[in-house]
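Please look at the sequence and the structure shown below.

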Amino acid sequence: MTAATIHQPAMLPETTRPNIGRGKLLVGVGAGIAVVGSLAGMGALAVLAAFVLVLVGLIEWVGASEALTWTGIAALIGYCLFPFLWLVRLSMDPAANGKLLPSTFTLSNYGAVFHNDEFVRAFFNSIIVAGSATAVAMVIGGCAAYALGRLPVPGKDFIMFAVLAVSMFPGIAIVGPIYELWRTLGLFDTKTGLVLPNVTFSLPLAIWIMSSFFRELPRDLEHAAYMDGATPFQAFRKVMLPLAAPGVFTSAILVFINTWNEFLMAISLSATGRSVTIPAAISFFQGENTLEIPVGPISAASVLVMLPLVGMVLVFQRRIVAGLTAGGVK
Amino acid sequence: MRGPLAFLDRLDERRLGLLLVVPALVLMAIVAAYPVLNAIWLSLHRYNVKIPDDYAFIGFDNYARILVSSTWWTAVGTTVVFGIASVIVEFALGMVMALVMNKGLGSATGMVRVAVLVPWATITVVTALAWKWIFTPTFTFDLMNRFMGLFADESCMLCGRWTSIAAMVFADTWKTAPFIALLLLAGLQSIDSEMYEAADVDGASWWTQFTRLTLPALKPAILVALLFRSLDALRMFDLAYVMTSGQNDTSTVSMLSYDYLIKRLDMGVGTAMAVLTFLMVFIVAFVFVKVLGAAPEGVEKKPSRRERRAQHARGTTTTAIASMA
């Protein structure tokens with residue numbers, strides 16, 4: 001990156017860039033070659049050359065700094081979305097063999113997934129496990145976060161340290177003893193048995209984010225509540241909690257996505273359709289027969305389980321970013 | 001409040017606070033602290049769930065067996081190489097992404113934000129599968145095959161140890177670099193633009209501004225993100241489990257422990273491996289917090305401290321990070 005890419009005025013005056021017309025032409029021709037080339041299965045080098053044309057054209061059109069920024073942004077978006085788009089492509093026609101576009105556009109693999117009982121059960125298990133783990137973590141974590149964020153709790157520093165320590169735990173360190181304990185208690189291969197570790201490992205995230213939200217509320221609010229005769233618990237329940245609702249909601253989204261993703265406990269503590277969740281089910285599918293992996297159906301299943309999350313990201317993008325950066329962790 | 005919870009209204013702030021943290025503490029004690037202590041205890045025993053009668057205290061024998069086994073050290077090697085490589089690549093790429101995003105995206109802001117959040121929200125198992133296929137010649141595209149051909153015979157990236165680890169670093173980078181970029185971006189946006197203007201007036205080059213102004217200001221955010229990413233990389237399990245299943249010596253320490261704990265049900269050796277994994281993670285966390293001073297308190301926002309930091313541009317950690325970025 002050169003000095004010109006940062007902290008420069010956004011665009012130079014048009015008079016200093018005489019080749020705008022030629023630039024536009026180059027962009028057009030380059031883009032045309034790239035689209036036609038990839039559709040026609042042209043060699044990779046030709047497509048690369050087309051991109052170079054577009055880049056050179058852009059530099060002449062909008063100036064080097066802007067051109068680099070916009071190329072960077074396009075590359076960023078393409079990079080982030082590509083694996084997802086590739087799964088969509090494989091779900092229609094798994095025999096890729098070097099071709100960028102599928103030879104047929106069919107949704108039959110999606111139908112197969114919907115008719116697969118194991119997958120459908122795993123989907124509902126995931127919703128129940130992630131949903132209830134999130135709800136429980138919000139209640140327990142929200143109370144703890146309020147206490148740690150605003151109340152004079154004895155040993156607060158030690159408790160915060162313990163919470164942080166749990167977030168650093170490798171899951172593998174506890175999975176053996178929990179396996180044994182759950183077998184004894186009859187929690188093995190149950191949804192409850194998955195919810196409990198998920199709640200525990202979500203608590204640090206939930207407490208950390210929510211306590212930072214609680215701390216931001218002005219101190220005067222409690223004093224006003226006390227003046228009106230409220231007890232500390234009433235102040236929490238009736239004044240502070242409603243005000244911190246956006247923070248609670250944000251952490252709920254993050255915790256839900258984390259628990260939806262959880263894998264180690266899911267494959268260690270479940271055995272049958274009673275409790276197997278989506279990530280575990282997908283990994284079991286591909287493990288059944290290593291020689292003939294059903295790439296099409298698994299891709300379709302992966303795309304399907306991605307859709308709720310992509311939807312959440314679309315709707316709650318601002319909140320998610322606020323939550324991620326407010327917590328400063330994970 | 002009426003009913004059984006009425007007593008809550010009679011508590012003062014101190015007692016209420018204590019009561020509100022108790023459920024979280026109890027849960028963490030039962031599901032995190034007790035199992036870890038139990039794991040340490042079990043690791044000192046010969047104990048296979050399938051042969052419950054053959055249970056005996058054997059001291060550190062399990063550890064002795066593990067520490068002389070080449071399988072264990074291969075897994076340690078895989079884990080450490082993967083950890084160091086992925087953290088470096090993720091930060092370098094995350095920093096570039098953050099700098100691009102910081103340039104003011106105008107109408108594209110929302111789109112970029114969604115795109116960047118997609119990898120973060122993708123289930124790791126799905127990430128692993130998608131990249132596994134992108135790295136498999138029959139399921140990928142022409143350009144990728146040529147690219148892989150540079151490193152592996154017949155473009156088979158997942159057929160050798162080091163190329164497999166490289167593929168895992170690729171996949172992990174895709175999943176986490178955008179997230180790191182978001183953290184760094186929040187830090188970048190809190191830097192006062194007047195400081196850059198002053199640096200411009202002084203004739204400082206872009207590189208000088210980056211190393212003396214940007215990096216020091218980002219130091220708290222970088223250290224915290226670095227700490228958590230390193231810990232994540234050291235306990236990495238799902239990505240390798242799905243992408244390579246541990247073939248070609250690509251098992252991580254977590255995978256090896258899982259193998260003994262859940263597949264062989266050899267709790268003695270398995271918990272010993274898990275305890276060693278835990279120690280590795282603990283040591284790294286300790287180094288970060290004590291030596292480098294990483295404290296997870298979110299992105300630093302107070303201007304006075306930031307200015308002080310900007311003046312102390314050449315602290316030890318800053319140079320270490322600068323050399324990598």
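Two residues are in contact if their C-beta atoms, placed from the backbone, lie within 7 Å. The model is predicted, and local features need pLDDT of at least 70, side-chain atom pairs count only at pLDDT 80 or more, while totals for chains, interfaces and linings use all residues. Residues are numbered from 1 along each chain as its sequence is written, and chains are lettered from A and ligands numbered from 1 in the order in which they are written.

Start with the contact between the chains. Chain B contributes 94 residues to it and chain A contributes 91 residues. On the side of chain B that touches chain A, helix α1 (residues 13-42) of chain B gives the most, with 19 residues. Helices (H or I, at least four residues) and strands (E, at least two) are DSSP runs, numbered from the N terminus. Sorted by class, that side of chain B has 66 nonpolar, 16 polar and twelve charged residues. Here Ala, Val, Leu, Ile, Met, Phe, Trp, Tyr, Cys and Pro count as nonpolar, Asp, Glu, Lys and Arg as charged, and the others, Gly among them, as polar.

Now take chain A by itself. How many helices and strands does chain A have? Chain A has 14 helices and zero strands. Of its 330 residues, 45% count as buried. A residue is buried if 20 or more other C-beta atoms lie within 10 Å of its own, exposed if 12 or fewer, and partly exposed in between, with C-beta atoms placed from the backbone. Among the contacts in chain A with a separation of 6 or more, 76% join residues 24 or more positions apart.

Next come the cores. In soluble globular proteins, nonpolar side chains tend to be buried together. A nonpolar core is a set of buried Ala, Val, Leu, Ile, Met, Phe, Trp, Tyr and Cys residues joined through C-beta atoms within 7 Å. The largest nonpolar core has 187 residues, of which A144(A), L203(A), A206(A), I207(A) and A181(B) touch the most other members. Apart from this core lies another, of eleven residues, including V27(A), A50(A), V54(A) and A67(A).

Helix pairs are the next topic. Two packed helices are described by the angle between their axes and the distance between the axes. Axes are lines fitted to C-alpha atoms, for helices over the stretch in contact, and angles run from 0 to 180 degrees between N-to-C directions. Angles under 35 degrees count as roughly parallel, over 145 as roughly antiparallel, 65 to 115 as roughly perpendicular and the rest as oblique.

One pair joins the two chains: helix α7 (residues 172-185) of chain A packs with α12(B) at an angle of about 150 degrees, and their axes are 7 Å apart. The two helices are therefore roughly antiparallel to each other. On the side of α7(A) the contact is made by I172(A), A173(A), G176(A) and E180(A), and on the side of α12(B) by M267(B), G270(B), T271(B), A274(B), V275(B), T277(B) and F278(B). These residues divide into six nonpolar, four polar and one charged.

A second pair lies within chain A. The axes of helix α6 (residues 156-168) of chain A and α8(A) come within 8 Å and cross at roughly 130 degrees, so α6(A) and α8(A) are oblique to each other. V163(A), L164(A), V166(A) and S167(A) of α6(A) meet L203(A), P204(A), L205(A) and I207(A) of α8(A). By class, the residues of this contact are seven nonpolar, one polar and no charged.

Some single residues complete the tour. Is G268(B) buried or exposed? G268(B) counts as buried because 24 C-beta neighbours lie inside 10 Å. G268(B) lies in helix α12 (residues 267-292) of chain B. Not counting residues up to four places away in sequence, W182(A) touches L187(A), F188(A), G193(A) and L269(A).

Finally, consider backbone angles. Most residues other than glycine have a negative phi, and most peptide bonds are trans. D189(A) is not a glycine, yet it has a positive phi of about 60 degrees. D189(A) sits in the loop between α7 and α8 (191-216) of chain A and is partly exposed, with 17 other C-beta atoms within 10 Å.
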